[in-house]
Amino acid sequence: MAAPHEVSWSVISDAAAYHTVVESLARTEIVAGSAGGMTRHCVDTKGRSWSETCTNWEEGVASTMTVDIATYPPAFQAIFRHLAGTWSVTPDGRHASVVSVRFSGEPSSDPSARHQWRPWEGNGC
């Protein structure tokens, strides 16, 4: 990212504005707290909603949001037992940063549910 580390961190750590950088989200709002322990409510462009909790916060470095699977849309509950996304930013010279996102998950134990996951259909997640 062609921005200093501090600017990049301010963008990726703004949990309430997450929907402005993720096309498939229509709305995000902080329900409680800040940084580690914060809870956020997300609504996608198809009207499906779920809650997430910040399970890791390293100021200026990274944050992890873990989906509350019980609040996830039923089709996704059938696919995932666990899902989390970690955003991180690392300085890369004086006026640049490397921004990374990593999603990790555990599939459902129901093998038939995995056929519902079709990422090639675009904005489906």
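Is Ala35 buried, partly exposed or exposed, judged by its relative accessibility?

Tutor: This is a predicted model, in which local features need pLDDT of at least 70, side-chain atom pairs count only at pLDDT 80 or more, and totals for chains, interfaces and linings use all residues. Residues are numbered from 1 along each chain as its sequence is written, and side-chain values use heavy atoms, with hydrogens and water left out.

Ala35 counts as partly exposed because its relative accessibility is 26%; buried means under 20% relative accessible area, exposed over 50%, and partly exposed in between (1.4 Å probe, protein chains only). Ala35 lies in the loop between E1 and E2, where strands are DSSP runs of E with at least two residues, numbered from the N terminus. Although Ala35 is not a glycine, its phi is positive, at about 55 degrees.

The flanking strands, E1 (residues 25-32) and E2 (residues 39-44), run antiparallel and are joined by six bridges; two strands pair if DSSP finds at least two bridges between them. Within this pairing, Glu29 stands opposite His41 in E2. His41 in turn stands opposite Ser51 in E3. E2 and E3 (residues 49-58) run antiparallel, with five bridges joining them. Their hairpin has four residues between the strands, and there Gly47 takes a positive phi near 85 degrees.

As for confidence, the protein averages a pLDDT of 87, and 88% of the residues score at least 70; pLDDT is the predictor's confidence in each residue, from 0 to 100.
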